[in-house]
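Hi,

Here is the model I promised to pass on.

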Amino acid sequence: MDCNIGVIRGDGIGPEIVAEAVKVLDAIGAKYNHTFHYDEILMGGCSIDATGEPLTKEAIEQAKRADAVLLGSIGGDAKTSPWYKLPADKRPEAGLLGIRKALHLFANLRPAYLYSQLNEACPLRDDIIGDGFDMLIMRELTGGLYFGKRETREVNGKIEAYDTLTYNEDEIRRIAIKAFDIARKRRSKVTSVDKANVLDSSRLWRKIVEEVAADYSDVTLEHMLVDNAAMQLVRDPKQFDVILTENMFGDILSDEASMVTGSIGMLSSASLNETKFGLYEPSGGSAPDIAGKGIANPIATILSAAMMLMYSFDLDEEAYAVETAVSKVLDEGYRTIDIMPAPGKDTSNITQVGTKKMGDLIVEHL
Ligand code: NAD
């Protein structure tokens with residue numbers, strides 16, 4: 001297979017972690033006989049330095065021409081970087097919002113997978129963790145409360161503010177279809193999270209999700225109210241496979257779910273549109289505090305590349321191979337600094353490694 005991948009290395013640790021993900025992709029290409037072509041795209045602070053803009057039209061066109069985009073991270077230290085003296089729409093983060101909008105990325109996927117080797121990083125009790133958990137939060141990204149009409153106004157001498165939560169049936173249907181398609185690649189269960197006991201938008205959400213479910217008789221659908229979902233995530237996370245939810249509920253639940261897995265350096269993510277195209281990136285930021293030191297954890301970016309293989313290229317076996325290689329390296333006790341056992345814990349079988357070494361070890365296991 002021939003795949004065109006746009007590569008946004010970005011700022012801070014971005015270039016360091018992307019280099020390792022590219023190394024892993026190349027190893028997959030060599031092993032499974034695929035050719036990955038890379039097109040370097042500028043975005044964020046490095047684009048401001050080179051062009052004066054966080055995201056140029058040319059960069060958007062490059063991204064559109066690609067089959068998928070791999071992104072490291074963008075941004076700098078808000079206190080010291082000159083980028084943050086610029087108006088908000090010229091800062092690095094404007095590039096990220098701009099590319100999501102330009103590419104119509106409406107579905108955000110964040111897996112929350114607990115590696116048994118990193119159980120100690122999980123704040124939940126051992127009896128709740130059990131054999132670990134593996135869920136994926138699918139959050140609607142371009143509608144709902146964050147994009148609805150809003151206003152702050154004065155009424156009868158008092159200031160009031162309102163926001164509106166609007167979804168139309170097409171917006172719900174397209175993300176529900178994504179959730180059911182992806183559930184088929186996993187354990188075939190969708191938990192749709194809403195607040196249908198109170199909100200009209202949730203009642204429409206539930207109706208449309210049920211309509212979509214009718215075409216997926218092999219996938220189990222359950223509905224859960226968002227307050228209960230927040231509780232179940234820490235009470236019994238094993239019950240979840242794909243959690244499908246609207247923008248704000250997903251914003252909150254995905255942070256809760258990621259917290260129970262431990263380090264930010266392990267968390268991959270993907271943002272998809274209606275085609276096979278996706279933007280794949282680690283959940284963390286550019287980590288200016290450790291940039292250039294060669295100690296950042298590249299695993300989240302490598303796992304994001306694995307998501308790219310699965311969701312944009314349908315190379316499921318190759319994606320599993322990457323995930324297995326990561327797991328084996330952790331089995332052997334290799335850790336970057338962010339996933340080292342807490343002080344006082346047994347480190348006799350643990351070896352601390354840097355970014356490049358972690359990438360090399362994962363490649364060796366492929
Ligand atoms: P951050 O995620 O960059 O860092 C938070 C903490 O996590 C830091 O201590 C950092 O060292 C650590 N960390 C993050 N990724 C790591 C990794 N791979 N390995 C080891 N440790 C890691 O969040 P922040 O400090 O709030 O933001 C820094 C910059 O990143 C800001 O400019 C912010 O706007 C930007 N940001 C970008 C993205 C993105 O590109 N998608 C996302 C979030 C934040």
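First, some housekeeping. This is a predicted model, where local features need pLDDT of at least 70 and side-chain atom pairs count only at pLDDT 80 or more, while totals for chains, interfaces and linings use all residues. Residues are numbered from 1 along each chain as its sequence is written, and side-chain values use heavy atoms, with hydrogens and water left out.

Where does the backbone meet oxygen atoms of the ligand? At Gly285, a backbone N or O atom lies 2.7 Å from a ligand oxygen. For a polar backbone atom of Ile74 the distance to a ligand oxygen is 2.9 Å, and for a backbone N or O atom of Ser286 it is 3.0 Å. (A polar contact here is a pair of N or O atoms within 3.5 Å.) Taken alone, the ligand exposes 810 Å², and the protein buries 68% of that (areas by the Shrake-Rupley method with a 1.4 Å probe).

Now the helices, which are DSSP runs of H or I with at least four residues, while strands are E runs of at least two, both numbered from the N terminus. Axes are lines fitted to C-alpha atoms over the stretch in contact, with angles running from 0 to 180 degrees between N-to-C directions.

- H1 (residues 14-32) and H10 (residues 299-311) have axes that come within 8 Å and cross at roughly 40°, which makes H1 oblique to H10.
- H1 also packs with H12 (residues 355-364) at about 15°, their axes 9 Å apart, so this pair is roughly parallel.
- H6 (residues 169-184) and H7 (residues 200-213) come within 9 Å and cross at roughly 45°, and they are therefore oblique too.

(Under 35 degrees is roughly parallel, over 145 roughly antiparallel, 65 to 115 roughly perpendicular, and the rest oblique.)

Finally, the backbone. Most residues other than glycine have a negative phi. Ser188, in the loop between H6 and strand S8 (189-194), has a positive phi near 60°. Asp314 has a positive phi of about 55°, and Asp314 is in the loop between H10 and H11 (316-331).

Cheers

Conventions
Polar contact = N/O pair within 3.5 Å; in protein donor to acceptor, adjacent residues only side chain to side chain.
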